[in-house]
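Hi,

Here is the structure I promised to pass on. Have a look at it first, and then read on for what turned up in it.

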Amino acid sequence: MSLEFPRTLAIFCKVVDNYGDIGICWRLARQFHAEHGIAVTLWVDDLTSFRRIWPAVDTRAAVQDIGGITVRHWAGQDGEFSPADIPDVVIEFFGVDIPPGYIEAMAQCEPRPAWINYEGLSAEEWVEGCHSLPSMHPRLKLTKHFFFPGFTDKTGGLLRERDLVPEREAFQADPAAMAAFLGRFGVTPNEMASLKVSLFCYPHAPVTELFQAWEQGGQAVTCLVPEGVAREKVAAFLNMDPHAGASATRGALTVRVIPFMPQTDYDRLLWACDLNFVRGEDSWVRGQWAARPFIWHIYPQDENLHHVKLRAFLQKYAVNTQSLVDFSLCWNGEREGQMDALWTSLQAELPTIVRRALEWEAQMLENGDLVSNLLNFVRTLR
Ligand code: TRH
């Protein structure tokens with residue numbers, strides 16, 4: 001265990017829906033522990049969703065050790081806690097309400113723990129102004145600080161493990177390794193020569209229109225869809241139940257349903273494909289670290305607020321790649337458009353978008369990695 005502050009840390013995670021909340025919290029927990037030797041406790045209320053991205057999880061265990069990290073099933077807001085139970089750093093993910101008894105115990109600690117509210121990722125300008133702002137507890141002698149991931153050095157930066165880029169570069173420099181990885185999901189040598197696309201989107205994406213554009217297109221496309229993604233539209237194309245292993249070819253398009261895989265394998269899927277459709281937050285960030293073109297399907301919010309967030313990101317990312325902007329706005333229902341025409345323009349600009357992906361990576365590397373930035377920040381609070 002690290003002798004340096006902080007030595008202990010807890011993360012509180014509530015799974016609102018889908019997999020991003022636990023996906024991000026599990027990456028955080030693993031990196032704090034593996035790269036900084038911190039004793040980490042992850043409180044999570046939904047072990048079944050957790051198991052989906054990490055098969056080693058025991059969904060019945062109240063407490064379990066996974067790779068040196070203590071995972072506690074967060075079963076409610078009750079419970080008595082003492083200062084001895086409180087770590088050096090407490091992270092509430094996406095503003096979840098930590099059990100009142102736990103907060104009472106935090107206030108009895110001398111010195112107080114660092115209390116972090118880990119916020120969502122956005123490219124909107126206001127984020128820089130809110131990053132690291134304090135918030136005094138209305139009753140107890142406690143101060144919480146807001147910590148925002150982001151795309152500039154006036155934010156917390158992006159989650160990125162120390163070995164992520166070198167590991168990816170080694171994998172992408174090894175065609176046999178990529179063929180072997182995709183071969184596990186039935187991808188044939190012929191399909192390895194086609195345009196390989198991974199498709200991770202929400203059910204309302206215009207998947208049917210995209211499949212039609214690919215089917216009638218001039219270039220062979222192999223689309224890999226994790227089981228459960230866009231079920232109805234994939235089933236319609238396959239004309240069968242879209243279970244893992246199912247596949248069909250029509251025209252220039254082959255669709256293969258692949259298993260929902262452990263998080264580390266999902267990274268390799270992004271690295272082995274030529275174009276990735278990603279969504280939400282965590283796969284969006286992994287898509288940015290894959291050095292490949294990606295299309296982001298943003299998590300829908302009321303009153304189309306998500307369109308503001310989408311445009312803010314495209315403004316920063318899709319510089320001089322108008323086809324990427326047009327396709328993304330249509331993919332997110334922000335603009336009508338002919339999918340076959342939008343696809344033809346995007347396809348023509350893919351080489352430019354690959355170069356943009358590498359430029360963007362170099363830019364994001366300059367901001368440091370989020371976990372190191374967060375640790376440097378909490379050290380300034382001590
Ligand atoms: O699952 P998501 O839609 O999660 C969303 C977002 O996090 C959003 O911000 C949040 O508000 C909403 O949930 C409630 O998309 P995201 O963020 O990409 O998370 C998916 C996780 O699933 C990510 O960690 C990668 C992982 N994954 C696997 O481990 N294996 C797989 O096969 C696939 C497809 C994904």
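In this predicted model, an N or O atom in the side chain of Arg279 is 2.8 Å from an oxygen atom of the ligand. I'm calling that a polar contact, meaning a pair of N or O atoms within 3.5 Å; within protein, one must be able to donate a hydrogen and the other to accept it, and residues adjacent in sequence count only if both atoms are side-chain atoms. Taken alone, the ligand exposes 700 Å², and the protein buries 96% of that (areas by the Shrake-Rupley method with a 1.4 Å probe; for residues, only the protein chains shown count as cover).

A word on ground rules before going further. Residues are numbered from 1 along each chain as its sequence is written, and side-chain values use heavy atoms, with hydrogens and water left out. As the model is a predicted one, local features need pLDDT of at least 70 and side-chain atom pairs count only at pLDDT 80 or more, while totals for chains, interfaces and linings use all residues.

Back to the ligand. Which residues come nearest to it? Of the 21 around it, they are Tyr202, Met261, Arg279, Asp282 and Ser283 (a residue is near if one of its heavy atoms lies within 4 Å). That shell divides into ten nonpolar, six polar and five charged residues. Here Ala, Val, Leu, Ile, Met, Phe, Trp, Tyr, Cys and Pro count as nonpolar, Asp, Glu, Lys and Arg as charged, and the others, Gly among them, as polar.

Three helices, α1 (20–36), α10 (263–272) and α11 (282–288), each supply at least two residues of the shell. The largest share, three residues, comes from α1. Helices (H or I, at least four residues) and strands (E, at least two) are DSSP runs, numbered from the N terminus.

Why is α10 largely enclosed by the rest of the structure? Because eight of its ten residues are buried, Tyr266 and Trp271 among them. Buried means under 20% relative accessible area, exposed over 50%, and partly exposed in between (1.4 Å probe, protein chains only).

Arg286, in helix α11, is buried, with a relative accessible area of 2%. Lys196 sits in strand β9 (residues 195–199) and counts as buried at 7% relative accessibility. A polar atom of the Lys196 side chain lies 2.7 Å from the backbone oxygen of Met192.

Last, a few backbone details to look up in the loops:

- The peptide bond from Glu110 to Pro111 is cis, with omega near -5 degrees. Pro111 is placed in the loop between α3 (100–107) and β6 (114–118).
- Ala230 is not a glycine, yet has a positive phi of about 50 degrees. Its loop runs between β10 (221–226) and α9 (231–238), and Ala230 counts as buried at 4% relative accessibility.
- Asn304 also has a positive phi, near 55 degrees. Asn304 is in the loop between β14 (294–297) and α12 (305–317) and is partly exposed, with a relative accessible area of 43%.

Cheers
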